[in-house]
Structures are given as C-alpha cells and as structure tokens.
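Please look over the structure shown below. A set of questions and answers on its geometry comes after it.

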Amino acid sequence: MVRNKRFHWLLSLASAGVLVLGLSGCSGDGGGETGDDGGPTKIGFVAVGPEGAWRQANEANMQETFTKEAGFELKYAPATNLDQKSQIDAFTSFVDEGVDVILLSATEGSGWEDSLKRAQEAEIPVILIDRGIEPDTTSLYVTRIAPDNLQVSKSVAGWATETFPQGANYFVLEGPAGVSVVNERNRGWNETIGAKPEFKKLGAQTANWSTEEAKSVFETVLKSNNNKVQLVFAQNDEMGLGAVLAVEEAGLVPGKDVKIATIDGTKNALEALAANKLSFVAEYNPLFGETALDVVKKVLAGEKVESYIVVPSQTFNSPEAAKTALPQRKF
Amino acid sequence: MSTTERRTVGGLRVLMRRQFFWGIIAILLLLLVNVLKDPSFLSVSVNSTNGNLVGNLVDILRASAPILMIAVGMSLVVATGGIDLSVGSIMVVAGAVSMEFLKANGQSGGVALGALGAALAVSALLGVVNGILVSVVGLQPFISTLVMMLAGRGLAKVITSGQNTAASNGPFRWIANGYVIGLPVVVLLAVVVVLLVALVVRRSALGLMIEAIGVNPKASRMAGIKPRGLLITVYALSALLAGIAGVFATASVMTVDVSRTGYQLELDAILAVVIGGASLAGGKFSMGGAVVGALLIATLDKTIVFLGVSSSATPAFKAAVIIVLCLLQSERVRNLFTQRRAARARAPKESVTA
C-alpha cells in the first residue's frame, strides 16, 4: 500500500514535470519570432493523415512545398484515426499559438463554424485544402483549393453513359456518410445518371474508403443481385480495387462482366486499369502544393483571391492511356 | 408425455437458460429477414469450375473469422475481470508487420510462413506487455490496454511509415482466400483455433483458475493460484488471437490500411462476449457464447448490405438490433412479460369466480 502511494506520487510528479516542460516549449515557440519580422512564416496544417495513397501524395506534396528553404515552417498535424475532434484540437492550438496561416483538410464537413470564427477573431487566414465545409459559408475562410469533385464525378458519369448507351444496373461504393467529398461526388454522378431512366440503381453502401470493407460489401451485393451488376461507381481507388477482388472471387471477369470506375488516379488504380481490371479512372489531382504556395503568398501580401480555386484533373479511359501515364505517376 | 419428448423439452429448457440462446434466436431471425427478401439467400452451391462452396452463409462464416478470434481472446480476458481494448490495434500491427515482411522478402511459401511468424510473435509480445502492465505493475486493465490501443496503431504507422502498404504473396493470400476440399481455409483455421483454445482451457484447470481470478483475486491467491503468470498468459493469448485476426483481415485484400484495419473491432469483440452472456464484471466465460456473439455480428453486417440499408442508417439499424437483443437477455424485462401474461391468464378466472 505504502509503496503504491509513493509510486502514484512519483507518477504525478513526473507527469506534472512533463506538462511544465511542454508548456514552456509552447511559450518559447509563440513568443519569439513571428512571420512578419524576418523569421520563417509559420503555417499550421490541420491534415487528415493516413487514409490512402491519394491523401499520402497530397500531404507529402504540401510538406515538400512549404519547406524551410522556401521560408516556411510547416507544422503538420494529422488527425488521429480520421477523428474530427482531434482536428479541432489541433486547429485550436494553432490559433492559440498564433501561426500566420492555417491550412485545413477537414475529415468531416460540418461543425467547423466555432473554430473558424476563433481563427477569424485572431486574424489568422484559413485556407481549405481539398475538403470543403458544410454549410459552405465562404466568409469564414479565405479560399478553398481543390480539384472539382462535381466535375470529376460528372466525367465518370459521362463515361458511363457512353459505355452503356442502353443503360446498366449499377452500384455505388461510397465514402463515409456525411463527408463533403461523398456528397459532392454523389451529386455530380446523380445529376447525369439520375436523369437517365435506363440506368437502374441497385443501391449504395459505404465501405469507408477501405479495400477490405469494399470487398466484403461487394461480394454480398453480387450475391443479392445474382451477379447482375454491370457497373460499379467506386468513389475512391481503394474501394474500387476491393470491388475488383470481390468480382474475381465470384468467378466473374472485372472489366468484362462488371465494369468498375473509380476516382483518384493513384498508381495502384492505373496499374489495375492497365491490366484491364478497372475500366475507368478519373484523376482527382492531389499535387497542388504550388497553387497553395501562390495563394499563401498572395494572402500574406494582403491580395484578394477567388473563394474557390479549381485544380485541373485528367481522366483515363483505356489501358493504353494508363500505360502511358504510369511511368511519371507520382502517387 | 414420452420420455424422449420430455428429454427434448428439458434440453430446450437448458438451452433457453443459456444466455446465448437469444443470440442464436437473433441470428435465426436475421437470416429469416434475409430469406424473406430473397428466398435463395440460404442456398449454398458448389462452384462448377473449382468445386468451392459459395453462398451467403459461407460469406458470413468468412467474415466472422477475425471477429471470432478476438471474441474468444476477449472472453478469457473479461473472465479475469479485465478488458482488452488493444485487440483492434494489435490486428493492425500484425497486418503491418506481415505486409512489410512480405514486401521486403518476396513470393515464396517460406516467406509467407516467416511473415505469419513475425506478425504473431510481435502480437504476442505486445500482449505480454499488456499482461505485465496489469499483473506486475498493477495498472487497471482498462488503462493499460487503452495505452496499448493508442500505441499499437502508432506502432503500425511507424512500421509502414504512415502509408497503407500492399504486398503480393500467393501462399499468404491463400490463408484468407483459399479453399480446402471446397471449404474456405480461413473458416477452417478459425474453427481449429477456437477448438484448440476451448480444449486447453476447459480440459485443464486453466479455465477454472481464470474464472477464479475474476470472482475473487485475493481468495484465489490464497487458494494457491498465481495470478501473475496466469494474467500474462491470458493477455498474451488475447493478443496472439488478435494477431491471427489481423492476418486474416489483411491477407484477404493483401493490404494493410493503417487507419482502418481492425478499427474499433475491440468494441465488436466486447459486444460479442456480452451477447454471448458473459458479465463484464468477470468470473465466468463461455466459448460457445463468444462464438454465437461473433457469428451474430457478422450476420448483422452482411444483413445490412444484403437488405441495402442506406449508409447513413447503418449505425442506427445495428444499434436497434443490439438493444433489442440486450433487452431480451435481461432477466427483469423477460419477467415483466411473463408476469403480464400470467396476469392476463388469471384475469378471466377471477371474473368467473366473482
């Protein structure tokens, strides 16, 4: 008992020590140099963290752009397991610390008003990277830099109507419910396909962007429809690749019996397209660090920027197109 | 009433008294709902080209394999009065270790065995750490395994340098996707592991000792049970089983998803154990119950997809099924029903006498 008490006492002393050290570290950071007088410009990047190859490429590209050599100090704060709460915490601590600019890739669209208002009060410009917020109150942030989800998913829908002039039975593999990307990709698809009665929607399910879940979901979807699914719209590459595995396991040929279209354009997906397993890959270009750099410079110089900056993306509709693009693929 | 009839009625009554009886009923009801949607749901056919069994039931069994592993481990931990929150994270560690190992070493069967061995060894090691934190350091199981839950996913990210890692290796893929005499390997392996664990804990005094710790640690120590070694063994076993689950989950797609593999599966495991009738206060475990619980969760997941419940309604649907099941299991709620029925049966009699 006595020993136990002493151990507890030691433990609390140790944790208090750690806390004090941490706090002093904070104040040391915040107090000294600010971006205005010569030191590096401090950028807080509230990021998503490990999610898939696309995100990896996007965030690595950001980190490579905002380097010390370019005069920046990028503080990278990935979310813990895609949890919004951890993002809000990181955002708040960036505001308290007084960084010069905050870059935000929100894991979830809603629930950002209070945090964004705090940043506004502290006069810290916020730039949305890729993910938007809901409701989309443009006064709360400076600009959003992202490829246009609507346009990208419309390009998938356009390909579908060309490939299946007589229509098809299709299934949608979605990201987690409530994320802005999912809503936008659904909207773009539905605007085109929803107007065509020859396309029959068998259903939509979330597979949480994951290959494993997509495989499990799609094997059951195939069974519940007696393998009569001709078209799959997978809202990211990973889920599309999971659907490929499920199709192969059911003894069908992906690309022939079931055509699978995905969004993102990662290397893995293009390899699958080159091998004829996927049928269409719409790129959602993650490499826009340069654009972000430009915007940050303009914002710090007090210039006006558009409230939405679209990053151009391309599409791949054949194995040949994939093969030519593969050697220079960065993600 | 003939004797055989009486015996079956008696058998049914014994089964009804088992907590997991309601779990079985729930599985049957879910299957029934699926059959109502599509009468061919239960049909299992033989694939003409390779002789493998295919069907929704086979899919459910395959999907239940990883949950089965962690639920069995969890039931032992819960029986000691502890809890293991780290199983989901240990799954992702096992997945990360095996994928990195395969990526570095190539295609052969020996490499697959090496990956399996490395993954399981690392998992068991993490379990030993859990066990030491609980039994030697004397931290609360909730806290020690919570620490491991956070550290585990972090460790997986370090191992894969934060990326989802894919590898290709035929024999390793076979573990989750292969078939032997028409049956999926992953199901056979899961059954063998469960039987093995059940045999070891029930045919020896081990199970009894585990439960004794859960009932009263002090009394069990005085009765000559050494809790330290036993607790370390139990946590190591739970982690080892989680490692196997991680191998199952990653081998099925040959990719480890550092933020998704095994994510929140510790909750599924706890749920399976509770559905199986174990009390979180410890002191008893039921292998059969854990198996029923794991099967129920897999059936529920597949039912949601089969019925086409929309993504946004999925969590609510799952919660509704589980709360109904827990209500059915509760003695008090059941008594309420029987009392009302008895009251109604009594009521007309009273009116006659009056």
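The model is predicted: local features need pLDDT of at least 70, side-chain atom pairs count only at pLDDT 80 or more, and totals for chains, interfaces and linings use all residues. Residues are numbered from 1 along each chain as its sequence is written, while chains are lettered from A and ligands numbered from 1 in the order in which they are written.

Q: What percentage of the residues in chain A is buried?
A: A residue is buried if 20 or more other C-beta atoms lie within 10 Å of its own, exposed if 12 or fewer, and partly exposed in between, with C-beta atoms placed from the backbone. Chain A holds 11 helices and 12 strands, taken as DSSP runs numbered from the N terminus (helices H or I, at least four residues; strands E, at least two). Of its 331 residues, the buried share is 47%.

Q: What is the strand order in the open sheet of chain A, and which strands stand at its edges?
A: Two strands pair if DSSP finds at least two bridges between them. The open sheet has 6 strands with parallel pairing, in the order β2-β1-β3-β4-β5-β11. Each edge strand has a single partner, so one side of each lacks a neighbour in the sheet; these are β2 (72–78) and β11 (308–311) of chain A.

Q: Which residue of β2(A) is the bridge partner of A:Val46?
A: Strand β1 (residues 41–47) of chain A has 6 of its 7 residues buried, so β1 is largely enclosed by the rest of the structure. β1(A) pairs with β2(A) in the parallel sense over 7 bridges. In β2(A), the partner of A:Val46 is A:Ala77.

Q: Which residue in β5(A) stands opposite A:Ile129?
A: Strand β4 (residues 126–129) of chain A runs parallel to β5(A), and 3 bridges join them. Opposite A:Ile129 stands A:Ile145.

Q: How many Å apart are the end C-alpha atoms of helix α5 of chain A?
A: The buried residues of α5(A) include A:Val152, A:Val156 and A:Ala160. An α-helix has 3.6 residues a turn, so residues three or four places apart point the same way. The expected span is 1.5 Å times one less than the number of residues. For the 15 residues of α5 (149–163) of chain A this should give 21 Å, and the distance between the end C-alpha atoms agrees, at 21 Å.

Q: How do the residues of chain B that touch chain A divide into nonpolar, polar and charged?
A: Two residues are in contact if their C-beta atoms, placed from the backbone, lie within 7 Å. By that rule, 29 residues of chain B are in contact with 31 residues of chain A. Ala, Val, Leu, Ile, Met, Phe, Trp, Tyr, Cys and Pro count as nonpolar, Asp, Glu, Lys and Arg as charged, and the others, Gly among them, as polar. The side of chain B that touches chain A divides into 8 nonpolar, 14 polar and 7 charged.

Q: What is the C-alpha to C-alpha distance between B:Val46 and B:Gly182?
A: B:Val46 lies in strand β1 of chain B and counts as exposed because it has 12 C-beta neighbours inside 10 Å. Leaving aside neighbours within four places in sequence, B:Val46 is in contact with B:Gly51, B:Leu53 and B:Gly182. B:Val46 and B:Gly182 are 136 residues apart in sequence, and their C-alpha atoms are separated by 7.9 Å.
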